[in-house]
Amino acid sequence: MASGRSIGAACAIAVGAATTLPALAYDAGAVAGGGTIEGTVRFDGVPGTRKIVPTKDVEICGGPREEALIEVGPDKGVKDAVVYLVGVGSGKAWPPAGRKPELDNEKCRFVPSVQVIPAGPLDVVNRDPVLHNTHGYYGKRTAFNMAQPNQNQAIAAELPKAGAVRVDCDAHGWMEGWIYVVDNPYYALTGADGRFSISDVPPGEYDLVALQSASKPVQQKVTVEAGKPTSLSIELKRK
């Protein structure tokens, strides 16, 4: 069950607090009788757009365009919404270690534009033949800041604390990305249809948070029963 401290952590992570939070200790092991939390994150409203006007390196960055603030599918499902449980001290193992998480500068966009990673290392890569200065923030505090003048240049960064990290490019001010750093493996990133699934959750009551960078975070209690699915429909609202 999530603690009061965890609830505070959830709000801080959701809004990208100016100070980071110490990662809670997490004990991985076998889960007996785990349940599944599944559902859909929706947005019922006008998503809104932001106008992108590249002012330099247009041969790489492209011309003016409109980008949706919230990408919504035909059934109002929200793509790339983050859903996670807060304050889980023990449970299933982390996914098998594979390739180190990576953030690419590609055609003056961050790829992926949204990702969820465990606390730890991250490679930042410039795929473009122009200078990028990739700058990540925990709230207002710099998490990393690196000039990358060379194409295919990769620089290692470290994100040691749970929290929301906003990423900008100081050379191309319209670029924006988000990295959500988590301290337990009970998280999901919604697909294009807004659906998500979090498996092998130990039975109990938890605080669940759902958010998207242009939305207000939604926090709610969820109860998981042994061996059973818990279905949720979550609605986000614009900030």
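## A walk through rings and sheets

Start by selecting W178 and Y180: W178 is buried, and Y180 is buried too (buried means under 20% relative accessible area, exposed over 50%, partly exposed in between, with a 1.4 Å probe and protein chains only). What you have open is a predicted model, where local features need pLDDT of at least 70, side-chain atom pairs count only at pLDDT 80 or more, and totals for chains, interfaces and linings use all residues. Residues are numbered from 1 along each chain as its sequence is written, and side-chain values use heavy atoms, with hydrogens and water left out.

**Aromatic pairs.** Rings of Phe, Tyr and Trp (its six-membered ring) pair if their centres lie within 6.5 Å; planes under 30 degrees apart are stacked, over 60 edge-to-face, and the rest tilted. That rule gives 2 aromatic pairs here. Show Y26 and W94 next: their ring centres are 6.1 Å apart and the planes stand at 70°, so this pair is edge-to-face. Y26 sits in the loop between α1 (4-15) and β1 (27-28), while W94 is in the loop between β6 (90-91) and β7 (102-106), so the pair ties together parts 68 residues apart in sequence. Y26 counts as buried at 15% relative accessibility, whereas W94, at 29%, counts as partly exposed. Now hop back to W178 and Y180: with centres 6.1 Å apart and planes at 15°, this pair is stacked.

**The sheet of four.** Helices (H or I, at least four residues) and strands (E, at least two) are DSSP runs, numbered from the N terminus. Two strands pair if DSSP finds at least two bridges between them. Colour β8, β7, β10 and β13, which in that order make an open sheet of 4 strands with mixed pairing. Which strands stand at the edges? They are β8 (109-111) and β13 (153-159); each has a single partner strand, so one side of each lacks a neighbour in the sheet. Zoom in on β10 (residues 120-126), which runs antiparallel to β13 with 7 bridges joining them. Pick G120 and you'll find L159 of β13 opposite.

**The sheet of five.** Another open sheet, also mixed in pairing, has 5 strands in the order β9-β15-β14-β11-β12. Its edge strands are β9 (114-118) and β12 (141-148), each pairing on one side only. Follow β9 to β15 (residues 176-182): the two run parallel, joined by 5 bridges. Here I117 faces V181 in β15.

**Last stop, a hairpin.** Select β18 (residues 204-211) and β19 (residues 218-224), an antiparallel pair with 7 bridges. They form a hairpin with 6 residues between them, and L208 stands opposite Q220 in β19.
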